[in-house]
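I opened the model and kept notes in the order in which I looked things up.

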Amino acid sequence: MADAKELSGGSLLLAWQLKDKRVLIVGGGDVASGRLESVLVADALVTLVSPSERLHPLTRRLIDASDRITYRDRLFELSDLDGADMVLTAIDDVETSRAICAECRARRIPVNVADIPPSCDFYFGSQIRNGPLQVMISTNGRSPKLANIVRRRIEKSLPEHVGEAIEKVGELRSKLRERAPGVGGELGKRRMRWMVDVCTSWEMEDLALLDDDMMRKLLDDGWENNRVPKLEDVGGRPRRDAASSPLQVRAAVLTSLVGFLAGAACAAAVMLTRRR
Ligand SMILES: C[C@@]1(CC(=O)O)C2=NC(=C\c3[nH]c(c(CCC(=O)O)c3CC(=O)O)Cc3[nH]c(c(CC(=O)O)c3CCC(=O)O)/C=C3\N/C(=C\2)[C@@H](CCC(=O)O)[C@]3(C)CC(=O)O)/[C@H]1CCC(=O)O
Ligand SMILES: NC(=O)c1ccc[n+]([C@@H]2O[C@H](COP(=O)([O-])OP(=O)(O)OC[C@H]3O[C@@H](n4cnc5c(N)ncnc54)[C@H](O)[C@@H]3O)[C@@H](O)[C@H]2O)c1
């Protein structure tokens with residue numbers, strides 16, 4: 001356990017559920033367009049206030065394409081804050097930014113001011129998204145560029161098919177909960193143990209292959225008998241079957257080489273016999 005004295009100086013990392021919440025974005029430049037993408041991916045209802053003359057092309061496209069954005073073609077007004085659950089400002093006007101922050105704090109609306117960290121109730125981070133997998137890298141305001149560099153490194157090291165694997169395990173979990181419903185208790189403990197066993201004993205790339213039929217077999221043979229069948233036991237074929245495994249590639253090369261040598265030996269024997 002961490003020393004109590006070390007438990008400070010960070011920020012709380014959460015996966016904030018914004019579905020159908022009202023987010024106000026003030027500004028229409030480069031930074032605001034990134035904010036717009038980030039909150040749309042979280043299914044928020046967005047109001048964007050910014051004069052159309054300096055609207056980022058991506059923002060313009062998203063406004064045209066999404067029915068979850070209400071666009072106000074003008075400068076910010078205080079009434080824009082009415083009904084907002086979250087406010088994000090990304091404008092090149094520090095005085096207005098500070099005024100918006102003060103008003104949000106008075107109304108207790110969480111606010112992020114892109115250019116003034118002390119005016120932020122929360123910071124954005126560098127993001128990786130792969131299906132349901134979401135990774136956020138934060139340097140707690142120290143160096144956004146280094147967060148971006150760390151993100152690229154982490155991206156390269158993620159397991160193949162991780163997003164699909166998580167998607168499939170999510171489906172399996174909800175099927176299991178339908179079969180064995182309820183919260184907590186002995187059943188809850190058994191359910192959790194079995195899910196942990198499935199996740200730890202199957203390869204990520206095999207989990208990604210699960211389809212409805214295989215999930216049913218996994219639950220029928222596995223959950224019902226309190227064991228974890230292998231991919232092959234539920235009718236799956238590992239991707240490693242394809243000539244992707246180095247071992248199998250080597251075996252294939254060896255077989256062709258032996259075949260070639262045997263053929264050459266036979267041909268030589270035939271020629272030698274003929275000469276005699
Ligand atoms: C991660 C990312 C997410 C995003 O914005 O979506 C993000 N900034 C990104 C890029 C970036 N931002 C800046 C540069 C130029 C190089 C440099 O300064 O380093 C670059 C690099 C680039 O553009 O390549 C300039 C900058 N940023 C802030 C200030 C104000 C200040 O610090 O005083 C200034 C100076 C303005 C000036 O000098 O005038 C403030 C914040 N920027 C944050 C997030 C929060 C802390 C993040 C953390 O804790 O790590 C925080 C505190 C508030 C917030 O924005 O929520 C995104 C990378 C996404 C990606 O590529 O993966
Ligand atoms: N947090 C970060 O990661 C980060 C990164 C780079 C820059 N910044 C800072 O964030 C701010 C925005 O950056 P940008 O590159 O998007 O700027 P930008 O200059 O490209 O865009 C500013 C936008 O704000 C709009 N605007 C200005 N005043 C307004 C008002 N009163 N009401 C509504 N809209 C208004 C403009 O019309 C324009 O669309 C800058 O202050 C910049 O220094 C932050």
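From which domains does the shell around ligand 1 draw at least three residues each? I found domain 1 (17–124) and domain 2 (125–158); the bounds come from an automatic or database domain assignment.

Conventions. I am working on a predicted model, where local features need pLDDT of at least 70, side-chain atom pairs count only at pLDDT 80 or more, and totals for chains, interfaces and linings use all residues. Residues are numbered from 1 along each chain as its sequence is written, and chains are lettered from A and ligands numbered from 1 in the order in which they are written.

Ligand 1. I listed 20 residues around ligand 1, with F124, S126, T139, P144 and A147 nearest (near means a C-beta atom, placed from the backbone, within 6 Å of the molecule). Helix α4 (residues 144–157) gives the largest share of this shell, five residues. I take helices as DSSP runs of H or I with at least four residues, and strands as E runs of at least two, numbered from the N terminus. By class I noted seven nonpolar, 10 polar and three charged residues around ligand 1. Here Ala, Val, Leu, Ile, Met, Phe, Trp, Tyr, Cys and Pro count as nonpolar, Asp, Glu, Lys and Arg as charged, and the others, Gly among them, as polar.

Ligand 2. I listed 21 residues around ligand 2, the closest being G27, G28, G29, V31 and D115. The largest share of the shell, three residues, belongs to helix α1 (residues 30–41). The classes are 11 nonpolar, five polar and five charged.

Domains. The assignment also holds a domain 3 (162–240). I read 29 Å between the C-alpha centres of domain 2 and domain 3. Five residues of domain 2 contact six of domain 3, contact being C-beta atoms, placed from the backbone, within 7 Å. On the domain 2 side I noted three nonpolar, two polar and no charged residues.

Annotation. The unreviewed UniProt entry puts "domain: Siroheme synthase central" on residues 130–157; such annotations may be inferred rather than shown by experiment. Over residues 130–157 I get 50% helix and 21% strand, with the end C-alpha atoms 13 Å apart.

W194. I placed W194 in helix α6 (residues 185–201). Why is W194 called partly exposed? Because 19 other C-beta atoms lie within 10 Å of W194, while buried needs 20 or more and exposed 12 or fewer.

Methods:
Contact = placed C-beta atoms within 7 Å.
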